[in-house]
Amino acid sequence: MNLLEESQRVGYVSRSVPFKGEDLKEQILKLKKEKNAVILAHYYVDAEIQDIADFLGDSLGLAQAAEQTDADMIVFCGVHFMGETAKILNPNKKVVLPDLNAGCSLADAAPKEAFAAFKAQYPEAVVVSYINCTADIKAMTDIICTSSNAVKIVEAIPADKQIIFAPDANLGKYVAKKTGRDLILWDGACIVHIDISLEKLKKAKEENPNALLIAHPECKEVILSQADFVGSTTALLSFVQNSDCQEFIVATEAGILHKMKLAVPNKKIIPAPANEKNSCACSECPYMKMNTMEKLYNAMFYELPEIQVPEEVRVPALKALKAMLEISK
């Protein structure tokens with residue numbers, strides 16, 4: 001089995017890395033320079049990858065960074081739909097993902113055939129899809145949104161238009177409440193955000209009475225209704241930095257806590273607890289954690305696994321992404 005076949009079957013290049021610790025970091029930086037590569041990373045990946053990235057951000061920021069890069073190779077430390085987004089925006093650049101198995105429960109919640117049938121029921125509706133979806137869904141979409149700009153994008157659509165909002169129902173309900181629009185919702189959800197435990201959260205608030213609860217809009221309504229602030233990952237980070245409060249309970253994926261603690265080392269940052277028992281007693285995305293320094297090195301060294309998007313999918317998906325990026329300028 002050659003390397004290409006291996007990366008497609010296993011999901012990544014399974015080769016031993018002859019470096020560890022700082023040496024591995026140095027070799028990754030060396031490869032980046034040699035190959036004119038850019039490392040894009042989401043806030044939810046492990047801290048050591050966040051620290052080595054050229055650009056660290058949420059879905060909107062990463063899409064904008066992918067559109068603007070002049071690198072020859074984009075190395076995307078995130079999940080599969082993010083790599084697809086970068087390829088849609090950069091068809092002539094090589095885009096690699098450390099592990100193709102790094103999927104997304106939310107993207108998986110909207111299968112292509114089922115969504116096409118759902119869309120056909122509302123032929124006059126404008127389709128707004130959250131960026132956390134596959135390239136196939138983006139290709140059936142009129143305009144993409146992220147949690148940073150979803151309210152703004154829905155507000156920009158004429159009031160007499162029906163709107164299908166997919167695939168995250170919790171974000172859709174939040175946007176509907178903020179805009180007053182009657183959205184047609186696809187019933188999808190993020191396993192990380194809906195796993196935040198209301199019962200454990202109440203206990204955390206009792207133990208930290210001075211802490212503000214801040215939450216991502218992918219959380220359930222019952223969590224959002226108790227939050228002192230609701231916003232995208234970047235907005236949550238900004239709120240913690242600018243607030244006079246010294247303690248925060250953060251209801252989103254725990255990866256963002258690393259950046260928060262670096263930004264405000266004097267403040268107390270508490271992860272919202274999850275129903276599932278895990279090593280951190282917090283909400284972790286198992287897919288984001290598939291990105292490791294070893295897989296990152298191999299992806300850069302072997303330039304595999306590579307993300308490909310067929311042109312018949314890429315072109316309409318690009319139109320939907322460009323519509324979002326134009327509004328988000």
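Ser105 lies in helix α6 (residues 105-108); helices (H or I, at least four residues) and strands (E, at least two) are DSSP runs, numbered from the N terminus. The model is predicted: local features need pLDDT of at least 70, side-chain atom pairs count only at pLDDT 80 or more, and totals for chains, interfaces and linings use all residues. Residues are numbered from 1 along each chain as its sequence is written, and side-chain values use heavy atoms, with hydrogens and water left out.

**Surroundings of Ser105**

- Ser105 has 15% relative accessibility and therefore counts as buried (under 20% relative accessible area; exposed is over 50%, partly exposed in between, with a 1.4 Å probe and protein chains only).
- A polar atom of the Ser105 side chain lies 3.0 Å from the backbone nitrogen of Ile191.
- Apart from neighbours within four places in sequence, Ser105 is in contact (heavy atoms within 4.5 Å) with Ala189, Cys190, Ile191 and Tyr287.

**The sheet containing β1**

- Strands in the order β2-β1-β3-β4 form an open sheet of four with parallel pairing; two strands pair if DSSP finds at least two bridges between them.
- At the edges are β2 (55-57) and β4, each of which pairs on one side only.
- From one strand to the next, the twist averages 20 degrees; axes are lines fitted to C-alpha atoms, for helices over the stretch in contact, and angles run from 0 to 180 degrees between N-to-C directions.
- Helix α4 packs on this sheet and touches β1, β2 and β3, its direction making about 170 degrees with that of β1.
- Helix α16 (residues 293-302) lies across β1, β3 and β4 and runs at about 165 degrees to β3.

**Strand β1 and its partners**

- Strands β1 and β3 run parallel and are joined by five bridges; Ala37 has Met73 of β3 as its bridge partner, and Ala41 stands opposite Cys77 in β3.
- Three bridges pair β1 with β2 in the parallel sense, and the bridge partner of Ala41 in β2 is Leu56.
- Six of the six residues of β1 are buried.
- Both faces of β1 are covered, with Ala37, Ile39 and Ala41 buried on one side and Val38, Leu40 and His42 buried on the other.

**Helices α4 and α5**

- Helix α4 (residues 59-68) packs against helix α5 (residues 80-89) at an angle of about 35 degrees, with the axes 9 Å apart.
- The contact involves Ser59, Leu62, Ala63, Ala66 and Glu67 of α4, together with Phe81, Met82, Thr85, Ala86 and Leu89 of α5.
- Nine of the 10 residues of α5 are buried, including Glu84 and Lys87.
- The elements covering the buried residues of α5 include β1 (37-42), α4, β3 (73-77), β4 (94-96), α8 (135-139) and α17 (311-327).

**The sheet containing β9**

- A further open sheet has four strands in the order β10-β9-β11-β12, with parallel pairing.
- Strands β10 (229-230) and β12 (268-271) stand at the edges with a single partner strand each, so one side of each has no neighbour in the sheet.
- Strand β9 (residues 212-215) pairs with β10 in the parallel sense over two bridges, and Ala215 stands opposite Val230 in β10.
- Helix α14 (residues 233-242) packs on the sheet and touches β9, β10, β11 (247-251) and β12, its direction making about 160 degrees with that of β9.

Conventions. A polar contact is a pair of N or O atoms within 3.5 Å; within protein, one must be able to donate a hydrogen and the other to accept it, and residues adjacent in sequence count only if both atoms are side-chain atoms.
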